[in-house]
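Student: Could we work through this model together, one question at a time?

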Amino acid sequence: IIAAARDLFYRNGIRAVGVEAIAEAAGTNKMTLYRHFESKDELVAEYLRGLAAEKHDIWSALESAHPGDPRAQLQAWLVEAARNVSDPASRGCALANAAVELPEKEHPARCVIEQCKQDSRANLAALCRRAGAEQPELLADQLFMLLEGALVCTQAIGHEGPARNFVDAGRAIIAAHVR
């Protein structure tokens with residue numbers, strides 16, 4: 001059910017996908033779906049929790065790939081982020097897309113979105129600090145906004161628009177902070 005919902009939500013948007021379509025794509029029925037999830041909103045929150053866990057795993061993978069070398073980890077983060085920006089199948093960040101669709105603060109998925117974005121930014125700031133950035137919080141904010149903007153540009157303008165310069169811009173920002 002979650003796999004079907006994930007695909008449909010990402011491709012079509014959360015609000016555009018009904019429970020019936022999710023059940024059909026999952027090869028089940030609405031009654032089974034509701035046995036597992038109290039509501040569509042709870043299914044959305046669980047879908048986003050899965051994405052947040054994947055984002056958390058990326059930080060561990062960067063550290064494992066470059067143990068004890070935070071500068072290499074920071075460069076690897078840039079390359080990893082660029083893969084998402086340049087992916088032709090990308091519709092941007094699923095969490096950011098969900099944030100636009102779910103502005104209601106009381107929606108059960110909203111806290112998942114906000115916490116994941118805050119965690120990503122905090123992880124990036126910690127990495128910038130370990131990499132020796134003169135102003136790690138500022139560097140993290142600049143890289144975070146660059147990535148978010150690149151993902152939106154890709155959706156709005158396409159891969160040949162400003163997002164194609166993501167890595168070069170990221171490297172320039174890092175170079176300005178890490179000497």
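Student: Which residues of α1 are buried?

Tutor: This is a predicted model, in which local features need pLDDT of at least 70, side-chain atom pairs count only at pLDDT 80 or more, and totals for chains, interfaces and linings use all residues. Residues are numbered from 1 along each chain as its sequence is written, and side-chain values use heavy atoms, with hydrogens and water left out. Helices are DSSP runs (H or I, at least four residues), numbered from the N terminus, and buried means under 20% relative accessible area with a 1.4 Å probe and protein chains only. In α1 the buried residues are A4, A5, L8 and F9.

Student: Which elements do the buried residues of α1 pack against?

Tutor: Contact here means heavy atoms within 4.5 Å. By that criterion, the buried residues of α1 pack against α2 (19-25) and α4.

Student: What span does α5 reach from its first C-alpha to its last?

Tutor: The expected span of a helix is 1.5 Å times one less than its number of residues. For α5, with 17 residues, 24 Å is expected, and the span reached is close to that, at 24 Å.

Student: What covers the buried residues of α5?

Tutor: Among the buried residues of α5 are L74, W77 and L78. Their cover includes α4, α7, α8 and α9 (166-177).

Terms used: Helix = DSSP H or I, 4+ residues; strand = E, 2+ residues; numbered from the N terminus. Buried < 20%, exposed > 50% of the residue type's maximum accessible area, 1.4 Å probe, protein only.
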